[in-house]
Amino acid sequence: MADDRRLDGNAIGGMMLELFGVEMTTATEVCRTCGTADVVARLEVYMDAPGTVVRCAHCKAVLMRIVRGPDRTWLDLSGFRSIELRSPD
Amino acid sequence: MPQISRGFHGRRSEGPSDRIPPGQHLVDDFPVLSAGPTPHTPLDEWTFTIQGGAEPASWTWDEFQALPSEEITTDIHCVTKWSKLDTVWKGVSLDTLLGLVDHDAGYLLAFCDGGYTTNLPLEHVTDGKAWIAYDYDGEALEPEHGGPARLLVPHLYFWKSAKWVRGFRLQDEDEPGFWESNGYHILGDPWLEQRYWGD
């Protein structure tokens with residue numbers, strides 16, 4: 001039953017673009033917990049909680065928490081060791 | 001099998017104003033909200049632990065079932081704006097559990113399978129305000145709704161009623177939990193619409 005609630009990283013692409021102004025789904029991240037590198041589009045996303053939770057697809061650690069209020073957004077990115085963004089050609 | 005739907009669905013209704021906090025709407029189903037995969041801890045591996053007292057206290061599933069239990073009929077209110085009336089639960093009162101532990105703490109941090117935490121002042125979980133619930137509507141609590149056992153603190157927003165709860169750490173200070181540390185209100189009183197920091 002849990003898996004039907006799980007989305008992939010593409011689900012947060014629009015929100016990331018709105019917040020950061022860059023396309024994030026093709027970025028490469030490294031999980032601070034297990035050290036695995038992966039593309040953001042392949043991460044596990046849960047969006048029906050009170051906020052959005054992004055987890056490592058390998059060790060399931062929380063990488064990112066996003067809470068959106070009516071006039072504010074809170075971001076916790078502490079689960080990432082790094083995020084590599086490609087510069088435009 | 002109970003009806004399951006995502007958090008923002010359900011038939012909308014205004015409901016009785018003295019039972020529906022501001023900004024909420026009534027649902028008939030029981031939406032499921034999760035921040036991660038649903039754990040399925042076998043009952044023979046399940047324990048409930050209270051840390052931070054004079055001595056650590058722990059119960060196996062069978063020991064926990066042998067504690068005095070209560071049936072609770074109560075309204076619940078989710079911060080995603082749904083409310084559900086007259087839900088029926090069975091569980092052990094936190095008055096019972098905390099009465100078995102020698103402590104002088106003012107707060108607790110609940111911890112759960114899957115890593116979720118939530119913080120509560122003890123004054124908000126004693127005097128008949130909170131339970132560890134293991135039955136819902138006459139049946140064993142489904143894993144999707146937090147089974148085998150979840151916190152039930154119905155006078156606060158339902159994110160405080162942590163699913164898959166496995167214990168408390170008693171503390172002198174109010175340490176923000178999973179949502180409270182990233183935007184959600186430290187207490188979460190639905191009648192005061194304490195949804196976010198600063199509300």
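Tutor: We'll take the interface, then the sheet. This is a predicted model, in which local features need pLDDT of at least 70, side-chain atom pairs count only at pLDDT 80 or more, and totals for chains, interfaces and linings use all residues. Residues are numbered from 1 along each chain as its sequence is written, chains are lettered from A and ligands numbered from 1 in the order written, and side-chain values use heavy atoms, with hydrogens and water left out.

Student: How many residues of chain B are in contact with chain A?
Tutor: 27 residues of chain B, against 23 residues of chain A. Contact means heavy atoms within 4.5 Å.

Student: What area is buried between them?
Tutor: About 2,100 Å², with carbon and sulfur atoms giving 59% of that. Buried area is the accessible area (1.4 Å probe) that two parts lose on being put together, summed over both.

Student: Which residues form the salt bridge across the interface?
Tutor: B:Asp199 and A:Arg72, with the closest N and O atoms 4.0 Å apart. The rule finds one salt bridge there. It asks for a side-chain nitrogen of Lys or Arg within 4 Å of a carboxyl oxygen of Asp or Glu.

Student: What does the side of chain B that touches chain A consist of?
Tutor: 13 nonpolar residues, eleven polar and three charged. Ala, Val, Leu, Ile, Met, Phe, Trp, Tyr, Cys and Pro count as nonpolar, Asp, Glu, Lys and Arg as charged, and the others, Gly among them, as polar.

Student: Now the sheet. What is the strand order in chain B?
Tutor: β3-β2-β11-β6-β7, an open sheet of five strands with mixed pairing. Strands are DSSP runs (E, at least two residues), numbered from the N terminus. Two of them pair if DSSP finds at least two bridges between them.

Student: Which are the edge strands?
Tutor: β3 (57-60) and β7 (117-121) of chain B, each pairing on one side only.

Student: What about β6(B) and β11(B)?
Tutor: Antiparallel, over six bridges. B:Tyr107 stands opposite B:Gln171 in β11(B).

Technical notes. Helix = DSSP H or I, 4+ residues; strand = E, 2+ residues; numbered from the N terminus.
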